[in-house]
Amino acid sequence: MHPVLNQRDRTMSEDAPASTATAEKKLPKDLAAENGMVNVQIDGHWIQVPRGTRMIEAAKMAEKEVPHYCYHPKLSSPGNCRMCLVQMGMPPRPAPGADPEYGDDGYQEIGWMPRPVIACANTVAENMGIRTTGELVEDTRKGVMEFLLINHPLDCPICDQAGECKLQEFSVEHGSGQSRFQETKIKKPKNVDIGKNIRLDDERCIMCSRCIRFMDEVAEESVLGFSQRGTHTSVTVHPGHRLDNNYSLNTADICPVGALTSNDFRFQMRVWFLKETKSIDTNCGTGANTVIWTRGNEIFRVTPRQNDEVNSAWMPDSHRLAFHSLQTEDRLTRPLIKKDDQHGESTWLEATSKAAEGLSMRQPNEVAIIASGRLSNEELFLTQKIAQSIGTDLVSIVPRKGESDGKLVSADRNPNTTGANLIFGTDEACAKLDAIREGVIAGRIKSLIVLQEDLLAEAGFKKEDLEKLDHLVVTHTHANSTAAQANVVFPGTGFAEKRATYVNVTGRLQRANQAVIAPGEARDDWEILSALLGKLDKDYQAPASMDGVFNALAKEVSAFNDQTFGSIGDLGVSITETGVTIPLLEQEKARKESGIIVG
Amino acid sequence: MAIIKVQRPKLSAGEKIYFGSIFKGMIITLRHAFRSLVGKSVGAKELNSSGVGITMQYPEQKWDEELPEYYRGTPALVTDELDRERCVSCQLCEFICPPKAIKITPGEIPSSDEWAKVEKRPQAFDIDMIRCIYCGMCEEVCPEQAIYLRPDYVVTGTTRKEMVHDKDRLYEIGGKRVGLVNKWNDLK
Amino acid sequence: MDITLLIAAAIKIGVFIGITMTFVSICVIFERRFSAIIQDRVGPNRTMIPLSILGFKKDFALPIGGLTQPVADGLKFILKEDFTPSYVRTVFFWLAPVFVVVPALLTMAVVPFGSPMEFGDTVIPMAVADLNVGPLFIFAIASLSVYGITLAGWASNSKYPFFGGVRACAQMISYEIALGLSIIPILMFFGGLNLGHIVEEQVKNGWLLLPLWNEGGFIIGSGYWGQENVIQRLLLLIPLGISFVIFTTSIFAETNRMPFDLPECETELVGGYHTEYSSMKFALFFMGEYAAMVVGSALIVTLFFGGWSIGFGIDGLLPTGAWWVSLIHIGCFLTKVTVFILFFILVRWTIPRFRYDQLMNLGWIVFFEAALINVFLAALVIAYPSIGFMGFIVGFIILAIASVLLILIAKGTTKKPSATAV
């Protein structure tokens, strides 16, 4: 329940006995101004909302839906779709010298205006009345719907937006059901290639300008705009430019109709077949909140999920299309053991024994572990346990540094560097990588465990370095050149295939959920590590589930204290301060403060 | 619940022996059997009886002429008068299908195609006739009038694979259907 | 032992078991076709020889209206998976079907199928064993089949089969008494237990229930009435008729046929005692039931309807001992049996199933008493020549009083079911 609504309930319950004049000054409605609130009547109920709230947001707080197309809380409000028209009223201004008259409920009588106003760009005022239903509002909506549908091709059967299309939904809810339009519809360009990821269908467009505003305000690359005028108005890309921005797919998300569709998802699957799994993006340290859309065991698309502390409502294209790498042919599906320079398929039991055998016969300082910043907290925790059980302190992750794009893509491309630092208890979890590499080259290190990393491609190792090792254990999702040299290879799982927790660059603990099942016999990395640990440490009690590992982690690592898998929630919790900020959120904050957006 | 005492009928001494009734019953049974044997059972004529009882001898005798117009046989896809596939693979039939017999792989129409403006057509369209329950929901839900339940009911096969009707087979059964909505003609 | 008799016995065993088994399958096809006709259906009418599975283009359809259906059924039973549940008492579970089938087949041994055949000097009776205690042998052996059913119910180790087994046990034991008592008047009349002799007697003096002729000729001729004790013979029809009704009904109960098929009634007990059985073991129960039906029909025909005799004095016109006459007689016998099998089926589709207490009432209160009184009634009629008219009247009065007392006792000790008892 929204706090404001609670307040309303109190207001209403205390109203009834307080009809006497003595209690008048104590009424919550009279205290509103002191708290920066205003009293607003929405569909007959009085509530208090913060001063300066847009009418559409006030209605949302009152759990009344005002249909809208152009309004988006993260974008400016031009008020050009006219769908959010509501009826507004104010108390009549008293004659000079006269006191305002109060009704039995203690509020002033509202004089309703005969014309509707748009709810998205107007702010509420003290004693304002808003009607989101009623004859005037409903007739207005019916009329607007009819206008919007005049040139719409009604090709819902082929349109990808069908099922999540606001035009469909509001047409059913508020439309008249038939068109009186007798003339020929205006033909506009269809199936226009405007960018790498985006396809434009101008006939379906209802000129809400969300995409244009997004490119102007958020992506800051103004390539979209309206051309022509009147009924010929259409969205176009600026001549000589293409919509190739790394945030272009967000325009398809916010497009209320099917005018902008994703090339990647185009005609792949109808949205009503897809199952939504809340998860997070693991392609960089930001950890954008996502929804993974699956049918059966196949991922069809990934879309951003609003989290005002992480990614607002956006997500870079490069990250959302990264899920395709999980659905390639070169996934590892069975544990492999190398015999006579040849990898042969094995069983989990045999492979685990073989891996443990090669580790335990070495001196502690001859063994090293290269973990990954892509591993989850639980996996890193078990890695740490394995290192402790072997007795080695040569544990490192592989750093992945890049350029921040000044928006959502963090300079740290590892999703869990912060988590690795917390769990390993260092400031720089990748510090020992160089030492390990030198140890391997010098032949001091005989056994190496590599978790979800390709050393040859990303950690500066050379093929001949790895050949010096006696025993190389690799877990990875895909076949790669490091795995090719390993004595034992375990097939691991990718980001959408496991439940796991990560800590992003700002120190926020977030949860990824399992959307699909890993191919073949591939197992969660924590299970692999747990089995290996069981072989190395006879006293080790393997937890029955992921949650067990997390609970052990929460007990031992102070930053995670008192956290459980459930307490993280869908939006995550901040567990540590790193001083890192996300640029896009800072920009958004500035726009909000200047009053451009609601936020 | 109230207890209702049922009064059993009072029978006379003759009735109590039951033989009369049993004998009468046997005569009735025999008479019925005889009528059935000579094909005079009630309804034999209306049901196209083969001569014994009211049963029709199926493969030799068929009911095809009497099939009502609304008879629901195998579902099939149809083309329009210009031989365009009516189906645009909106997958509503796949969604509504109660036994989940329909499986559609949507595909984009290449821009070189005559009907490129339709944009979308099924790449594959499989109906598993082992699963199909002939409910006709697919026909009802289709916004393009592309799928129809035909009067064919003889769907046989010796393997499961044979019982899965693919797109070619569905169009072969369905054929052409004209005079329906023409959403994709040039006026549109 | 004469070698001819030995060979003949071997042949007879083979042939008669063959005939019985054939009849079992004929029963099945009759049951299915006749039931179908009664229910306005066609029934199995197109069983073919499946040449197509051997690679031929078409199946070979014999124009015999599905007569090969039992063969197909049998093949199916043999080829089906023989499933034995894990929880059964295995040895007894396997033994039970045998206990059902063997007695049913054994009883056929004493039934005369036709008139004796003569090969030179040797007279070969057309029964596998021409015993002098035929009916006793039949009852003794037939009562064994209750073991099979009870065993099946118990060995299945499952509640519905167990109920079925218990029901079958109680039912068959109850009706055996009525069965035995009901044929005593017949045995008294014939004065012997040899079924062959009983049939030959009926050839001469008319079928037991149809004494339309005797050594003197047909009933319409004066020669018939010239024979001694004609009136007594006709009077005897009353006790013999009662015997027939009780005997036939009891045979229904003994063979677990409708309306007495409570041990296997689907609506209450799933499948009754053979619920857990499948494949050939189930088929053995099936065969046992139908074999019992064939034996029952054969017994009724032998005792009441002249066995193999053609009747109406025609047998006398045929030469005795000729092989073709024997064959005609065998044919005649089988025809009569078939008629009775059809009767069984007719009853099945006419009379609804009894309730179990009704079944027990009928067995113990009605049939037992009726059969008992009937014995004395028959004795009275048979004894008429020796005790004279006065003796007959006195005997009749005593019997009447005894009967009334018996009925009163039986009725008085039966508690009427109360309407409120739940």
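**Ground rules.** I number residues from 1 along each chain as its sequence is written, and chains are lettered from A, with ligands numbered from 1, in the order in which they are written. Since the model is predicted, local features need pLDDT of at least 70 and side-chain atom pairs count only at pLDDT 80 or more, while totals for chains, interfaces and linings use all residues.

**Chain A.** I looked up the helices and strands (DSSP runs: H or I, at least four residues, for helices; E, at least two, for strands; numbered from the N terminus). Chain A has 19 helices and 23 strands. Its C-alpha atoms fill a box of roughly 95 × 65 × 35 Å along the principal axes. I then checked contacts (C-beta atoms, placed from the backbone, within 7 Å). Among the contacts in chain A with a separation of 6 or more, 67% join residues 24 or more positions apart.

**Who touches whom?** I found no contact joining chain A and chain C; their closest C-alpha atoms lie 34 Å apart.

**Chains A and B.** Here 13 residues come from chain B and 9 residues from chain A. On the chain B side, strand 2 (residues 102-108) gives the most, with 3 residues.

**Domains of chain B.** I noted domain 1 (15-58) and domain 2 (67-174), with bounds from an automatic or database domain assignment. The C-alpha centres of these two domains of chain B lie 46 Å apart.

Methods: Contact = placed C-beta atoms within 7 Å.
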